[in-house]
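Take a walk through this model with the coordinates open.

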Amino acid sequence: MELIMRNMFQSLGKNTSANKLAKKYGLRFGAGRFVAGESIKSAIEVVKRLNSEGKVVTLDHLGEFVYTEEEALESAAMCIQTLDAINEAGVNSNLSLKMTSLGLDISKELCMKNMRKILDRAKLYNNFVRIDMEDYAHCQLSIDIYKELRKEYDNVGLVIQAYLYRTEQDIVDLNQLKANLRLVKGAYKESTSVAFPEKNEVDENYKKIIKQHLLNGNYTAIATHDETMIEYTKSVVSEHQIPKNQFEFQMLYGICEEIQARLVKE
């Protein structure tokens, strides 16, 4: 059921009409439980509450696959406004973004222009921006752009997906940059020619790259709701005496709140 729902939502996300409807009416159909707010102001209030519970937050302006330069510029402006609001409110939050929302499918040059504007503003505030990884078609380009941006910025991170065959080698390559990575299992429907088809294979590769990146000494964000993976990470941290300031657990807003609270206490 989870796979069916995931595939359905991703298909809708690439449909122009469905995408617009979701942005307009999504919160009325139950998405509000998982969305911090319809406006930056309301999201910041949620961030304040989460901070008071001992949680750091990353805000992500929902939306991808823009089709015009105007939409891409609007999305970039929203990212900058979010960074402004974070700074003004003095909350403990950074920014995540999807480069397709910044015009990646229109032109690399447009996307890079928008990324530099956003990273410049984040650097001004001593804040951090994470590039979300999208489907396989954007994987290599996303990594290439990340590498290019790292020549200019040290306040940018990337997401890497465990379900891709290529990921173990990507971890090796990105180690040269001491990359700050969010490690996820992966959520897009991909061909078996590029991705592990079985859950147990994905799980094993996820464990492998968690350990690999931690032992490389690089900052690691383990983004999972899977308690098995959380416990595995804790065992690696304990066995190899990984300092607590080298890693974090990440979960979606509104999901597994009891686990989140327990991890904060620990």
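Glu-53 is partly exposed, at a relative accessible area of 34%. Its salt-bridge partner is Arg-49, with 3.2 Å from N to O. Arg-49 is partly exposed as well, at 36%. This is a predicted model, and the pair is one of 19 salt bridges in it.

Next, look at Lys-98. Its side chain forms a salt bridge with Asp-60, at 3.6 Å from N to O. Asp-60 sits in strand S1 (residues 57-60), and Lys-98 sits in the loop between strand S2 (93-97) and helix H5 (108-124). The two are 38 residues apart in sequence, so the bridge ties together separate parts of the chain. Lys-98 has 17%. The cut-off for buried is under 20%, so Lys-98 counts as buried.

Lys-98 also meets Asp-132 in a salt bridge, at 3.5 Å from N to O. Asp-132 belongs to the loop between strand S3 (129-131) and helix H6 (139-150). Here the partners are 34 residues apart in sequence, so this pair too ties parts of the chain together. Both Asp-132 and Lys-98 are buried. Elsewhere, salt bridges with shared partners link Glu-227, Glu-231, Lys-234, Arg-262 and Glu-266 into one network.

Now turn to helix H4, residues 69-89. Several H4 residues are buried, among them Ala-72, Ser-75, Ala-76, Cys-79, Ile-80, Leu-83 and Ile-86. Look at the spacing in that list. An α-helix has 3.6 residues a turn, so residues three or four places apart point the same way. Thr-82 and Ala-85 in H4 are buried too. What covers the buried residues of H4? The cover includes helix H3 (40-52), S1, S2 and H5. Just after H4 comes Gly-90, with a positive phi of about 70°.

Move on to strand S5, residues 181-184. Leu-181 and Leu-183 point one way from S5, while Arg-182 and Val-184 point the other way. All four of these residues are buried. S5 has strand neighbours to trace. Strand S4 (residues 156-161) runs parallel to S5, and four bridges join them. Within this pairing, Leu-158 has Leu-181 as its bridge partner in S5. Between the two strands comes helix H7 (residues 167-174), and S4, H7 and S5 make a right-handed β-α-β unit.

Strand S6 (residues 220-223) also pairs with S5. Three bridges join S5 and S6, and the two run parallel. Arg-182 has Ala-221 as its bridge partner in S6. From S5 the chain crosses through helix H8 (residues 199-215) to S6, and this β-α-β crossover is right-handed.

Finally, step back to the whole protein. The protein has 10 helices and seven strands. Of its 266 residues, 45% count as buried. Among contacts with a separation of 6 or more, 73% come from residues 24 or more positions apart. The protein exposes about 14,100 Å², and carbon and sulfur atoms supply 52% of that area.

How values were computed:
Residues numbered from 1 in each chain as written. Predicted model: local features only at pLDDT ≥ 70, side-chain atom pairs only at ≥ 80, totals over all residues. Heavy atoms only, no water. Salt bridge = Lys/Arg side-chain N within 4 Å of Asp/Glu carboxyl O. Buried < 20%, exposed > 50% of the residue type's maximum accessible area, 1.4 Å probe, protein only. Contact = heavy atoms within 4.5 Å. Areas by Shrake-Rupley, 256 points an atom, 1.4 Å probe, with all protein chains shown as cover. Pairing = 2+ DSSP bridges. Right-handed = clockwise from strand over helix to strand, strands pointing away.
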